Amino acid sequence: MRCRATSACVLPEDDAQRTLTLLHEADAVVIGAPCYWGNIPGQLKVLFDRMVYGMMGESPRGIPQPLHKGKKAVLVSACTTPWPFNVWFNQSRGAIKALREILKWSGFRITSVIEKSGTKRRPALTDRDEEKCRKAIRRLLC
Ligand SMILES: Cc1cc2nc3c(=O)[nH]c(=O)nc-3n(C[C@H](O)[C@H](O)[C@H](O)COP(=O)(O)O)c2cc1C
């Protein structure tokens, strides 16, 4: 956690630092993640682990301090499990929960969540999916 004390990563510059810079400049973020084992993919988890010092600070007593307060976020996840099992059994819902946890402590306000279930049988976006996307964009812009 030296990075949190110094607000800088000790590792050589790579995409983690570059992504964090972009996040600091952004007013809003759209995160899309397939559901892997009822969670987000390991690579995305590692990216957030690497960016922890720029996402959430801590008071001297260890109280979390969100560093992106008031920014908006849209969460998108896809899974092969069909509805409603993707929700009941925490499939795409599990990935969304994991993202919510990270973004909540970082101060983001989640304006929309889009879950695409049953991608094995229906991989393409339906008209309803597209309408959900349009609605999410409208909410993001207002
Ligand atoms: C490693 C791995 C784990 C997965 N785990 C789940 C899972 O737990 N539940 C599920 O419904 N689908 C799971 N899937 C399927 C993906 O969520 C599904 O492929 C999703 O629609 C992503 O689309 P893509 O494969 O085109 O990226 C998994 C896929 C992979 C590769």
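1. What percentage of the 142 residues in the protein chain is buried? In this predicted model, buried residues make up 23% of the chain, where buried requires 20 or more other C-beta atoms, placed from the backbone, within 10 Å of the residue's own. Because the model is predicted, local features need pLDDT of at least 70 and side-chain atom pairs count only at pLDDT 80 or more, while totals for chains, interfaces and linings use all residues. Residues are numbered from 1 along each chain as its sequence is written.

2. The protein chain has seven helices and five strands, taken as DSSP runs (H or I, at least four residues; E, at least two) and numbered from the N terminus. The C-alpha trace spans about 50 × 35 × 30 Å along its principal axes.

3. Leucine 99 touches Ile31, Ala33, Ile40 and Leu75, leaving aside residues up to four places away in sequence; contact here means C-beta atoms, placed from the backbone, within 7 Å.

4. Around the ligand, the residues include Pro34, Cys35, Tyr36, Trp37 and Gln91, each counted if its C-beta atom, placed from the backbone, lies within 6 Å. By class, this shell has six nonpolar, five polar and no charged residues, with Ala, Val, Leu, Ile, Met, Phe, Trp, Tyr, Cys and Pro counted as nonpolar, Asp, Glu, Lys and Arg as charged, and the others, Gly among them, as polar.

Key:
Two residues are in contact if their C-beta atoms, placed from the backbone, lie within 7 Å. A residue is buried if 20 or more other C-beta atoms lie within 10 Å of its own, exposed if 12 or fewer, and partly exposed in between; C-beta atoms are placed from the backbone.
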